[in-house]
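Subject: Structure handover

Hi,

Here is the structure for you to look over. My notes follow below it.

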There are 2 protein chains.
Amino acid sequence: MFRRKIDISNPGKTAQKILTAARKTFARHGYSGTSVDEIARRAGVNKATLYYQIGDKDTLYANVIHQVLGNIAQSVAQAVVKGKTPEEKLRAYILFLADAVDKNPDLPPIMMREVASGGAHLPQVAAQDMASVITVLLGILEEGKEKNVFNDVVPFMVHAMIIGSILIFKMGTPIKDRQMWLPEDLKARDKKLSGTLGEEVAKMVLKAVKKNDR
Amino acid sequence: MFRRKIDISNPGKTAQKILTAARKTFARHGYSGTSVDEIARRAGVNKATLYYQIGDKDTLYANVIHQVLGNIAQSVAQAVVKGKTPEEKLRAYILFLADAVDKNPDLPPIMMREVASGGAHLPQVAAQDMASVITVLLGILEEGKEKNVFNDVVPFMVHAMIIGSILIFKMGTPIKDRQMWLPEDLKARDKKLSGTLGEEVAKMVLKAVKKNDR
DNA sequence: ACAAAATATTTAACCATACGGTTAAACCAA
DNA sequence: TTGGTTTAACCGTATGGTTAAATATTTTGT
């Protein structure tokens, strides 16, 4: 029978330090770019401790990605119910995701690399987390369709639009801003966001999804 | 004095084989996940040949990413001029990018990982390629604003929306379809795209950007 | 036209280091 | 003293990169 050496769902102090170090390192360098030695060094523990507390590199990564996605998957539903109309719910959904990304800056790089690799290292629990997030969106879009306020959209397309906008904008901005050689007129025409990223994405996605009768 | 061992801009037969193998390998496994030995093996040449023809891993990667982005950057402008109105131009722009991604399946994973890593391995030429693509979009949006058919949008936000939608949908779909455990009702509610990906993205982005007077 | 010399290209063998993972002993709290 | 926890040292392998020699290819002298 398989037994984890440690109960990961309620990690002790050492395990917590390791998981945090692992999360940051995986976020910065990706799965292949991260060495177990570096995680151990950043956590301030011996490499063998890391293997004792959690397990090998795969297990380490699976725990990180589930830890980071699980919270979001659990709380997205209740963040949405506050909205009365489908519009309000979709807006709340987008604001919640943008806020989650804001509060957890390690999420975007990990998610993007995971998608880029076709889910190569994606454990099933993490895939389930993602599925439950998308399911909430699907419910909102169906309700909007029934109540005749949303167009007949492709749900996964809307999902790609929301997540894609947030991730690319979030990760692309610092890259863009680092290009010192950009011509002055291009920089000058570069408008900043007036509100938050979530509000901007919500504004545009709602325009794209809503029926514009009247 | 520094001299490239080979003129990369006009690669010979061997160099071409190496670059193709490198592109595919980098696309599948990312920069860190790719070993120079594997590239050489896939190209059917000795590792030293690879170093002789092109250079070290960084140079190899830089050439791959520039080769893949350079073509797009060069041809996007002329793909857009056919459009008469800003709407037509924006539509042509999006269709062109979606088509480019279709024809070059190695581009999405490379781009996504590059953005995810904050442009860690992004050479300046590649950043310039990206900038020139975005500049075309900026021109379209400005023209639309002047002619009073587009809203006052944040250009980089629109860029993120277009690229993000295409990349996440393209790369996310196979991951989603591989989840055999998905509940039946979720699969049943999963609508397929009616047209091409580019057309769907164009439809939604145009709705998001266009002024809806009338 | 043709052999010889010069140059360009490819190769097997090699090197130092970094990697993921293990082991047995030391530490420490109950 | 027992059992959970941490550690230094170690192991086999893979990695990025180099070297000197072997093999094609082109240029040159006649």
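Of the 214 residues in chain A, 43% are buried (20 or more other C-beta atoms within 10 Å of a residue's own, with C-beta atoms placed from the backbone). This is a predicted model: local features need pLDDT of at least 70, side-chain atom pairs count only at pLDDT 80 or more, and totals for chains, interfaces and linings use all residues. Residues are numbered from 1 along each chain as its sequence is written, while chains are lettered from A and ligands numbered from 1 in the order in which they are written.

Chain A has ten helices and zero strands (DSSP runs: H or I of at least four residues for helices, E of at least two for strands, numbered from the N terminus). Its C-alpha trace spans about 65 × 50 × 30 Å along the principal axes.

The largest nonpolar core holds 136 residues (buried Ala, Val, Leu, Ile, Met, Phe, Trp, Tyr and Cys joined through C-beta atoms within 7 Å). A:Ile166, A:Val205, B:Ile166 and B:Val205 touch the most other members. Leaving out residues up to four places away in sequence, A:Val205 touches A:Ile94, A:Val158, A:Met161 and A:Ile162 (C-beta atoms within 7 Å).

**DNA strand D**

Two or more residues each come from H3 (47-53) of chain A and from H2 (36-43) and H3 (47-53) of chain B. H3(A) gives the most, with five.

Best wishes

Key
A residue is buried if 20 or more other C-beta atoms lie within 10 Å of its own, exposed if 12 or fewer, and partly exposed in between; C-beta atoms are placed from the backbone. Two residues are in contact if their C-beta atoms, placed from the backbone, lie within 7 Å.
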